[in-house]
Structure formats: structure tokens, C-alpha cells
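The sequence and structure come first, followed by the pairs themselves.

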Amino acid sequence: MPEIQQSDVLYTAVATAENGRDGRVATADGRLDVIVNPPKEMGGSGDGTNPEQLFAAGYSACFQGALGVVARQEKADVSGSTVTAKVGIGRNADGFGLIVEISATIPNTDPATARALLEKAHQVCPYSKATRGNIAVTLA
């Protein structure tokens, strides 16, 4: 997989966390400023958001964008579509790991076309590229 060089970067997001999973995370521009807490399922209060929710939000938005790119190339109609990312965290051999399931509702296409668009979007989505070979990602 070809890597980009610093000279190729068009935008850099900057976020800073305080106190890890039980604190606060904010972007440098102040557009995102949230309290983070472990979910109740992991012994936390569940009062704030958590890194898995933030990852799911970013992944689903990025994947939706990739779906749009692929749809334009294929001349397919993805208007009214939604993409959902489910990000799970659990114990593995070296501590904790993530697992992701991506699903989409694409009302203006038949199931076979929708599946083909999902698979093509998975090849071009930057989040999919970053996770490939690192965590299990399934398309539902």
C-alpha cells in the first residue's frame, strides 16, 4: 500500500486527550470538545462518549464519502444512503483489540449492486486502508 509523504498532506486534524479514557478530548480548533468515559460494559460511568464511538463516527463518515466517490465512478445512485460502523472492543492475546462491522442502506440500488459498491468503497476508504491487516473489518 503506497504511503503518502508529508508534502502530500492536504489537511491535518489535531486532537489532544486529557486523562485518557476517563477525561476529555478536544480538537485544536475547538470544533470537537467532549468528555470521554469508559462505557458501563467496561466498568465506567458511560456518561460521556468513548474512543470506540469516536472511531465509529469517523469511520462511517469516511466510508460514506468513499461510497459516494465509487458511486460517481460507477454511475450509481446512492442518494438517501446511510453507512453504519459498529466498533467493538474486547480482550485479545496482547490486551485489547478492535473489530469493525460496516453496513449500508442504499435504497436506490439492488442488493447485488449495493454489495459491489460497498466492496469497492472498502478498497478506497482511507479508514479501511488504515485498518486493513490490523483489525477485522467485515461488510454486512
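A salt bridge is a side-chain nitrogen of Lys or Arg within 4 Å of a carboxyl oxygen of Asp or Glu. The model shown here is predicted. Across the whole structure, a search finds seven salt bridges.

| Salt bridge | N to O distance |
|---|---|
| Glu 52 and Arg 21 | 2.3 Å |
| Arg 24 and Asp 33 | 2.7 Å |
| Glu 74 and Lys 120 | 3.1 Å |

Glu 52 pairs with Arg 21. With a relative accessible area of 8%, Glu 52 is buried, because buried means under 20%. Arg 21 is partly exposed, at 31%.

Glu 74 forms its salt bridge with Lys 120. Glu 74 lies in helix α1 and Lys 120 in helix α2 (residues 111-124), so this pair ties together parts that are 46 residues apart in sequence. Glu 74 counts as partly exposed, at 40% relative accessibility, and Lys 120 also counts as partly exposed, at 36%.

The remaining pair in the table is Arg 24 with Asp 33. Arg 24 has a relative accessibility of 29% and counts as partly exposed; Asp 33, with a relative accessible area of 45%, is partly exposed as well. Arg 24 and Asp 33 also belong to a network with Glu 18, joined by salt bridges that share partners.

Conventions:
Residues are numbered from 1 along each chain as its sequence is written. This is a predicted model: local features need pLDDT of at least 70, side-chain atom pairs count only at pLDDT 80 or more; totals for chains, interfaces and linings use all residues. Side-chain values use heavy atoms; hydrogens and water are left out. Buried means under 20% relative accessible area, exposed over 50%, partly exposed in between (1.4 Å probe, protein chains only). Helices (H or I, at least four residues) and strands (E, at least two) are DSSP runs, numbered from the N terminus.
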